[in-house]
Amino acid sequence: LSDLLTQLGGKNMLPKSLTTPYPQIAIEWILKNSPDYLFILGDSIEQKEETQKLSKLWWPHKNVKVILLPSDRFARTTFGAITNLPILLEKEL
């Protein structure tokens, strides 16, 4: 996903030195780095809404966009991510 986002013009905030497939990032690190977008891998719209509410508390003067990446399309290494991410980003952004 990181490579795909880069090819679409985005930039992953996580350092390239993280080599684990699904790194767990401390909330403090995210708060410190103040992203423009937060991608959530999951299937719950409630999770997206809760993260959006929290982002307004964490960064009150910034509009951070929360984008839900459905697990069935993005959790596996398949062509699904390649075909679905551009469509999802076009719709969300």
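Predicted model: local features only at pLDDT ≥ 70, side-chain atom pairs only at ≥ 80, totals over all residues.
**Exercise 1. The overall layout**

Task: State how many helices and strands the protein has, and give their pattern along the sequence.

Solution: 
- Step 1. The count is 5 helices and 2 strands.
- Step 2. Following the sequence, the elements come in the pattern α-α-β-α-β-α-α.
- Step 3. The protein has 93 residues, and 28% of them count as buried.
- Step 4. Its accessible surface is about 6,900 Å², with 56% belonging to carbon and sulfur atoms.
- Step 5. Take the contacts between residues at least 6 apart in sequence: 60% of these join residues at least 24 apart.

**Exercise 2. The faces of helix 3**

Task: Find which residues of helix 3 are buried, and determine where they lie around the helix axis.

Solution: 
- Step 1. Helix 3 covers residues 45–58. It has 14 residues and spans 20 Å from its first C-alpha to its last, close to the 20 Å expected at 1.5 Å a residue.
- Step 2. Lys48, Thr51, Gln52 and Ser55 are the buried residues of this helix.
- Step 3. Viewed down the axis of helix 3, these buried residues fall within an arc of 105°, so they line one face.
- Step 4. Glu46, Lys53 and Leu57 are exposed residues on the face turned away from the buried side.

**Exercise 3. Ser55**

Task: Decide whether Ser55 is buried or exposed, and list what Ser55 contacts beyond its neighbours within four places in sequence.

Solution: 
- Step 1. Ser55 belongs to helix 3.
- Step 2. The cut-off for buried is under 20% relative accessible area. Ser55 has 1% relative accessibility, so Ser55 counts as buried.
- Step 3. The side chain of Ser55 reaches the backbone oxygen of Gln52 at 2.7 Å. Gln52 is itself among the buried residues of helix 3.
- Step 4. With neighbours within four places set aside, Ser55 is in contact with Val64 and Val66. Strand 2 covers residues 65–70.

**Exercise 4. An aromatic pair**

Task: Classify the arrangement of the rings of Trp58 and Trp59, and say how accessible Trp58 and Trp59 are.

Solution: 
- Step 1. The protein has 1 aromatic pair, with ring centres within 6.5 Å as the condition.
- Step 2. The ring centres of Trp58 and Trp59 are 5.6 Å apart and their planes stand at 85°, so the pair is edge-to-face.
- Step 3. Trp58 has 28% relative accessibility and counts as partly exposed.
- Step 4. Trp59 is buried, with a relative accessible area of 8%.

**Exercise 5. Two loops in contact**

Task: Locate Lys62, and identify which residues Lys62 contacts beyond its neighbours within four places in sequence.

Solution: 
- Step 1. Lys62 sits in the loop between helix 3 and strand 2. At 29% relative accessibility, Lys62 counts as partly exposed.
- Step 2. Apart from neighbours within four places, Lys62 is in contact with Ser34, Pro35 and Asp36.
- Step 3. The side chain of Lys62 reaches the backbone oxygen of Pro35 at 3.2 Å.
- Step 4. Lys62 and Asp36 are 26 residues apart in sequence, and their C-alpha atoms are 8.2 Å apart in space.
- Step 5. Ser34 lies in the loop between helix 2 (27–33) and strand 1 (37–42). Ser34 is partly exposed, with a relative accessible area of 25%.
- Step 6. Phi of Ser34 is near 40°, which is a positive value in a residue other than glycine.

Terms used: Residues numbered from 1 in each chain as written. Heavy atoms only, no water. Helix = DSSP H or I, 4+ residues; strand = E, 2+ residues; numbered from the N terminus. Buried < 20%, exposed > 50% of the residue type's maximum accessible area, 1.4 Å probe, protein only. Polar contact = N/O pair within 3.5 Å; in protein donor to acceptor, adjacent residues only side chain to side chain. Contact = heavy atoms within 4.5 Å. Areas by Shrake-Rupley, 256 points an atom, 1.4 Å probe, with all protein chains shown as cover. Expected span 1.5 Å × (residues − 1). Arc of directions from axis to C-beta. Phe/Tyr/Trp six-rings, centres within 6.5 Å; stacked < 30°, edge-to-face > 60°.
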